[in-house]
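User: I've got this model open on my screen and I'd like to talk it through. Can you take my questions one at a time?

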Amino acid sequence: MDRKKFKVLLSGIIEDAKTAVLATVDKDGRPYMRWMTPTQLPDRPGAIYAVTSPDFAKIVHLADNPKVQWMFQTRLLNRIAYADGLVNIIDNSAMKAEVIQGIGRRLNVFWRVNNDPSKLVVLETVLEKAQYFEPMKGIQENISYS
């Protein structure tokens with residue numbers, strides 16, 4: 001599967017589920033998973049975006065180890081994707097606005113745990129590889145970004 005087709009399929013999964021699981025690893029090698037609200041930006045292929053507070057633990061994890069894995073799945077679990085990459089933490093007004101425009105309406109939980117809009121950074125996951133599954137059809141595809 002090529003990257004362009006994966007981007008389209010991943011967009012469909014994100015549109016259906018609205019959320020995904022992001023896994024990070026702390027300095028001792030312990031994995032941590034949390035629900036996030038991801039998006040893709042049309043003019044930035046090969047990356048996944050989300051927002052977080054600079055005060056959250058994942059920022060410390062990412063400072064020690066920027067390698068992450070995302071897990072995406074439709075509500076029916078008929079399409080599943082994993083995406084591995086390296087995270088850049090971006091504190092840029094234009095980037096924040098662009099990402100918020102894409103996912104702002106889905107950030108209800110985020111605003112409850114981070115009620116200060118000035119405390120916001122963008123997580124940009126630059127993809128290294130991905131996998132796409134349709135388990136009921138026996139489909140499994142690997143996508144390389146290197």
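Analyst: Here are a few ground rules, followed by your questions and my answers.

This is a predicted model, with residues numbered from 1 along each chain as its sequence is written, and side-chain values use heavy atoms, leaving out hydrogens and water. Local features need pLDDT of at least 70 and side-chain atom pairs count only at pLDDT 80 or more, while totals for chains, interfaces and linings use all residues.

User: Which residues of helix α2 are buried, and how are they arranged around the helix?

Analyst: Helices (H or I, at least four residues) and strands (E, at least two) are DSSP runs, numbered from the N terminus, and buried means under 20% relative accessible area, exposed over 50%, partly exposed in between (1.4 Å probe, protein chains only). Helix α2 covers residues 57-64, and its buried residues are K58, I59, H61 and L62. Looking down the axis of α2, with the arc taken from the directions from the helix axis to the C-beta atoms, these buried residues fall within 160°, so they line one face of the helix. On the other side of α2 sit the exposed V60 and A63, while the buried set is K58, I59, H61 and L62.

User: What do those buried residues of α2 pack against?

Analyst: Contact here means heavy atoms within 4.5 Å. By that rule, the buried residues of α2 pack against strands β1 (20-25), β2 (31-36), β3 (47-52), β4 (67-73), β5 (80-90) and β6 (121-134).

User: How many salt bridges are there, and how far apart in sequence are the parts that R75 and D16 tie together?

Analyst: A salt bridge is a side-chain nitrogen of Lys or Arg within 4 Å of a carboxyl oxygen of Asp or Glu, and the structure holds nine of them. R75 and D16 form one, at 3.0 Å from N to O. R75 lies in the loop between β4 and β5 and D16 in helix α1 (residues 3-17), so the pair ties together parts whose separation in sequence is 59 residues.

User: Which residue in the turn between β1 and β2 has a positive phi?

Analyst: Two strands pair if DSSP finds at least two bridges between them; β1 and β2 run antiparallel and are joined by six. Within that pairing, A23 has M33 in β2 as its bridge partner. The two strands form a hairpin with five residues between them, and the turn residue with a positive phi of about 85° is G29.

User: Where is T39, and which residues is T39 in contact with?

Analyst: T39 lies in the loop between β2 and β3. At 9% relative accessibility, T39 counts as buried. Leaving aside neighbours within four places in sequence, the contacts of T39 are I48, Y49, V99, G102 and I103.

User: How many aromatic pairs are there, and why is W70 with F72 called stacked?

Analyst: Rings of Phe, Tyr and Trp (its six-membered ring) pair if their centres lie within 6.5 Å; planes under 30 degrees apart count as stacked, over 60 as edge-to-face and the rest as tilted. The count comes to two aromatic pairs. W70 and F72 have ring centres 5.7 Å apart and planes at 15°, so the pair is stacked.

User: What is the angle between the planes of Y82 and F133?

Analyst: Y82 is in strand β5 and F133 in strand β6, 51 residues apart. Y82 counts as partly exposed at 24%, while F133 is buried at 18%. The rings form an edge-to-face pair, 5.9 Å centre to centre, and the angle between the planes is 85°.
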